[in-house]
Amino acid sequence: MRKNSIGISFALSILLMFVSLGCMAQIKADIQTDREMTGEPIFSHALYYNGMVEYEGEMIPSFTYSDVYVFNKLIFKNAKQAKKYYNIANNIKKVYPIACEIQRTVNRTIAHLDSLPTKKEKDAYLKKAEKELKAEYYPRLKKLTFSQGKLLIKLIDRQCEMTGYQLIRQYMGRFKAGFYNAFASLFGASLKKEYDAEDEDKLTERAILLIESGQM
């Protein structure tokens, strides 16, 4: 009976040791860890001057701060899980500015396209725009890793509210959209991939909000 008791005590001690090691291995996503894993923020926290306003009988300057986000702290079970999240964050820092540029370019292109009166002028403008876009972005895009390229496709959908496939199809035709999507599929990507902030891309959205507000 005593031997069994010793055996049970030993087994419990080993179990408790592993549990305690598991707790020690947990990593929390806080400001300090964010900075250590992703470096300094690429955006600053914005402050906007609104002019002078009356307050209690006096004129005082009014300012508006950009949004600040407060999330429940992420607690990772191990270093591997933490590394996965921070890899996403670092990739966002790399490609999010490009997605924002593309958004502005798309908006300008669509606005100018809508101002042209004839199909011939629209086609000529699109041909010129496509050539300029390739010259500007191809050298930058070919430097992206596979993961960064797939993330950029999703972020374009987030920023433009249209997938890359929809953008190409709407403004350059079904054939080109199909061709570019088939080309992307050779690398395991899809221009039809949609951004899902509520489920699949929930952690990505969290990182984006912290990054664009200058908090990470």
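Does Glu161 count as buried or exposed, and at what relative accessibility? At 70% relative accessibility, Glu161 counts as exposed; the term applies over 50%, buried means under 20%, and partly exposed lies in between (1.4 Å probe, protein chains only). The model is predicted: local features need pLDDT of at least 70, side-chain atom pairs count only at pLDDT 80 or more, and totals for chains, interfaces and linings use all residues. Residues are numbered from 1 along each chain as its sequence is written, and side-chain values use heavy atoms, with hydrogens and water left out.

The protein chain holds 8 helices and 4 strands. These are DSSP runs numbered from the N terminus: helices are H or I with at least four residues, strands are E with at least two. Along the sequence the pattern reads α-β-α-β-β-β-α-α-α-α-α-α. Of the 216 residues in the protein chain, 32% are buried. Contact means heavy atoms within 4.5 Å. Among contacts in the protein chain with a separation of 6 or more, 68% join residues 24 or more positions apart.

Strands β2 (residues 47–55) and β3 (residues 58–65) run antiparallel and are joined by 8 bridges. Strands pair if DSSP finds at least two bridges between them. Val53 has Ile60 in β3 as its bridge partner. The two strands form a hairpin, with 2 residues between them. Ser62 also lies in strand β3. Ser62 counts as buried, at 17% relative accessibility. Not counting residues up to four places away in sequence, Ser62 touches Tyr48, Tyr49, Asn50, Gly51 and Val53.

Two loop residues carry a positive phi. Most residues other than glycine have a negative phi. Glu56, in the loop between β2 and β3, has a phi near 55°. Glu56 is exposed, with a relative accessible area of 68%. Glu161 lies in the loop between α5 (146–160) and α6 (164–172). The phi of Glu161 is near 60°, again a positive value in a residue other than glycine.

Helix α5 also packs against helix α8 (residues 202–212), at an angle of about 70° and with the axes 13 Å apart. Axes are lines fitted to C-alpha atoms, for helices over the stretch in contact, and angles run from 0 to 180 degrees between N-to-C directions. The angle makes α5 roughly perpendicular to α8; that term covers 65 to 115 degrees, with under 35 roughly parallel, over 145 roughly antiparallel and the rest oblique. Leu151, Leu155 and Arg158 in α5 meet Thr204, Glu205, Ile208, Leu209 and Glu212 in α8. The residues of this contact divide into 4 nonpolar, 1 polar and 3 charged. Here Ala, Val, Leu, Ile, Met, Phe, Trp, Tyr, Cys and Pro count as nonpolar, Asp, Glu, Lys and Arg as charged, and the others, Gly among them, as polar.

The largest nonpolar core has 34 residues, and Tyr85 and Leu155 have the most contacts inside it. Such a core is a set of buried Ala, Val, Leu, Ile, Met, Phe, Trp, Tyr and Cys residues joined through side-chain atoms within 4.5 Å. Two or more residues each come from β4 (74–76), α3 (79–115), α4 (119–141), α5, α6 and α8. The largest share, 14 residues, comes from α3. Leaving aside neighbours within four places in sequence, Tyr85 is in contact with Leu74, Phe76, Leu203, Arg206, Ala207, Leu210 and Met216. Another core, of 6 residues, lies apart from the largest one and includes Tyr165, Ile168, Ala177 and Leu191.
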